[in-house]
Amino acid sequence: MDKLIIEGGHPLRGQISISGAKNASLVLMPAALLANGVSVFRNTPELNDVYTMIKIMKHLGAEVNFSDHVISIDTSVLTSMEAPYELVKKMRASFYVLGPLLAKYGYAKVSLPGGCAWGPRPINLHLEGLKKLGAEIELDAGYIIARSRKLVGAKINFDKSSVGATGNVLMAAVLAKGTTVINNAAMEPEITNLTHFLNKMGARISGIETPILTIEGVDELKPAEIETIPDRIEAGTLMIAAAMTRGSVTFTNIRDNHLIAVLARLEDAGAKVLNQNGLVMVSLDNSDIIPSDVTTSIFPGFPTDMQAQWIAYMSTAFGTSTITDTIYLDRFAHVPEINRLGADITVKENSAIVRGVPKLNGAKVMSTDLRASASLVLAGLIAEGTTEVLRVYHLDRGYEKLEEKLNSLGARIQRVAGSEY
Ligand code: EPZ
């Protein structure tokens, strides 16, 4: 397993282009299963979760080509309707194949996704939504088996906003007979990217970018192509890196309307944010980082996927801040590791109380999950001396060449392959 050796204390300066959004690609690729033929996804990030999804598509019989950030998926001849445990356990987004396979072929067998580093990841909303559309669902030896002769449109109300459940039910409803209304649908940009792709395939979805999606079912969809949106979480992570290191970085290929909450909080915390002509510049001089409380919420609120990174940022603020996660109540595995660098953070229920310290000191720290890993890299950028971030396979799941991007801005990060951990 690789590790990163980070020499702290180098301000980041320059310009960086943001890669395509992991969480858009992971829902767009399964949507290709709804048609026969070749769908094309441009600006697809080269990162491990995408390669895992490619393995799943190939396991189903699709032909997949991926080069220079363009994926083409030929679903003309599928040979399986099953997503096996060996692949699903590596990435819960594999569960996204359930809705499209069920809608197109009337059958799907998908392994139940496991939990993850910070606790259970339920799928009740996915299953309740598909049942509302007429699916028969059974659980057999850890697999969900879904059957339906023909899905029928229905009124579906999600008790809780769920990105995954919205995606799965949306990809089933587009081929259902009649009209489906999804109330309390997720409005994350990645779901909006999916709705645009589905409509390009011939689906009839309205209410896009609102919590009420109306889908007029159609008999058939055709392959299509689309540009994957930029990754708002990669952008937010690098913006915090720019501010933490007291640097000045200009970001290109981003959508500022996907980052309103993050940009507002960066300014609250003392960073200077310039936003013009599609470029965003984030800088912070040697003035203090202002402690800023954050509570995560669904889009367009502050994303839970930026919670760990914000904790790293607040660890050397001039005062105390409280970070509360309302989406995942126990997503704090990164806290003990950041404390190993000299931070002073305590977790109480679903909040982290961060008492700012003057500086962090380099040490060995262990990645536990994707965004935790990113927060440890951020902390290492400012820690005095050298920080070793172990098990960066977590990082490689969700970021394309993060250390190369950081080094191009002046960071000093070395990757050591196959270390003992
Ligand atoms: C997506 O996960 C993202 N993953 C996650 O990003 C992100 O943290 C999450 O949305 C929230 O924004 C992908 O898009 C691949 P949810 P998802 O269903 O769809 C509860 C990353 O770091 N819930 O919106 O699984 C759930 O427990 C990853 O890139 C149910 O109760 O998240 C959570 O509390 C991590 N029942 C809340 O809803 C369900 O059936 C939101 O989960 C489904 C979800």
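User: How do β20 and β21 pair, and over how many bridges?
Analyst: This is a predicted model. In it, strand β20 (residues 344-348) and strand β21 (residues 351-355) are antiparallel partners, with five bridges between them.

User: What stands opposite aspartate 344?
Analyst: Arginine 355 in β21 does.

User: And the turn in that hairpin, how many residues sit between the strands?
Analyst: Two residues lie between β20 and β21. Glutamate 349 has a positive phi there, near 50 degrees.

User: How many bridges join β15 to β17?
Analyst: Four. Strand β15 (residues 248-252) runs antiparallel to strand β17 (residues 279-283).

User: New topic. What is the strand order in the open sheet of four strands?
Analyst: The order is β6-β7-β9-β8. The pairing is mixed.

User: Which strands stand at the edges?
Analyst: β6 (82-83) and β8 (136-140) do. Each has a single partner strand, so one side of each has no neighbour in the sheet.

User: In what sense do β6 and β7 pair?
Analyst: They pair in the parallel sense, over two bridges. Strand β7 covers residues 107-111. Glutamate 82 has lysine 109 in β7 as its bridge partner.

User: Which helix lies across β7 and β9?
Analyst: Helix α4 (residues 98-105) does. α4 runs at about 160 degrees to β7. β9 is residues 143-147.

User: Now helix pairs. At what angle do α10 and α12 cross?
Analyst: At roughly 20 degrees. The axes of helix α10 (residues 307-314) and helix α12 (residues 370-382) come within 8 Å. That angle makes α10 roughly parallel to α12. The crossing is right-handed.

User: Which residues meet there?
Analyst: From α10, look at Ala308, Gln309 and Ala312. They meet Arg371, Ala372, Ala374, Ser375, Leu378 and Ala379 in α12. Of the residues in this contact, six are nonpolar, two polar and one charged.

User: What about α1 and α7, how do their axes cross?
Analyst: They cross at roughly 25 degrees, and the axes come within 9 Å. Helix α1 is residues 22-31 and helix α7 is residues 189-200. The two are therefore roughly parallel. Their crossing is right-handed.

User: Which residues make the contact?
Analyst: α1 brings Asn23, Ala24, Val27, Leu28 and Ala31. α7 brings Glu190, Asn193, Leu194, Phe197 and Leu198. The contact of α1 with α7 has seven nonpolar residues, two polar and one charged.

User: On to the loops. Where is the cis peptide bond?
Analyst: It joins phenylalanine 299 and proline 300, with omega about 10 degrees. Proline 300 is in the loop between β18 (294-295) and α10.

User: What is the phi of glutamate 209?
Analyst: Near 70 degrees, which is positive in a residue other than glycine. Glutamate 209 sits in the loop between β12 (204-206) and β13 (212-216).

User: Is glutamate 209 buried or exposed?
Analyst: Glutamate 209 counts as exposed, at 56% relative accessibility.

User: And where does lysine 401 lie?
Analyst: In the loop between α13 (393-398) and α14 (402-408). Lysine 401 is not a glycine either, yet its phi is positive, about 50 degrees. At 39% relative accessibility, lysine 401 counts as partly exposed.

User: Last one. In which loop is proline 122 found?
Analyst: The loop between β7 and α5 (124-132). Proline 122 counts as exposed, at 61% relative accessibility.

User: How far apart are proline 122 and leucine 112 in space?
Analyst: 9.5 Å, C-alpha to C-alpha. In sequence, proline 122 and leucine 112 are ten residues apart.

How values were computed. Residues are numbered from 1 along each chain as its sequence is written. This is a predicted model: local features need pLDDT of at least 70, side-chain atom pairs count only at pLDDT 80 or more; totals for chains, interfaces and linings use all residues. Side-chain values use heavy atoms; hydrogens and water are left out. Axes are lines fitted to C-alpha atoms, for helices over the stretch in contact, and angles run from 0 to 180 degrees between N-to-C directions. Angles under 35 degrees count as roughly parallel, over 145 as roughly antiparallel, 65 to 115 as roughly perpendicular and the rest as oblique. A crossing is left-handed if the near helix is turned anticlockwise from the far one by less than a right angle, and right-handed if clockwise. Contact means heavy atoms within 4.5 Å. Ala, Val, Leu, Ile, Met, Phe, Trp, Tyr, Cys and Pro count as nonpolar, Asp, Glu, Lys and Arg as charged, and the others, Gly among them, as polar. Two strands pair if DSSP finds at least two bridges between them. Buried means under 20% relative accessible area, exposed over 50%, partly exposed in between (1.4 Å probe, protein chains only).
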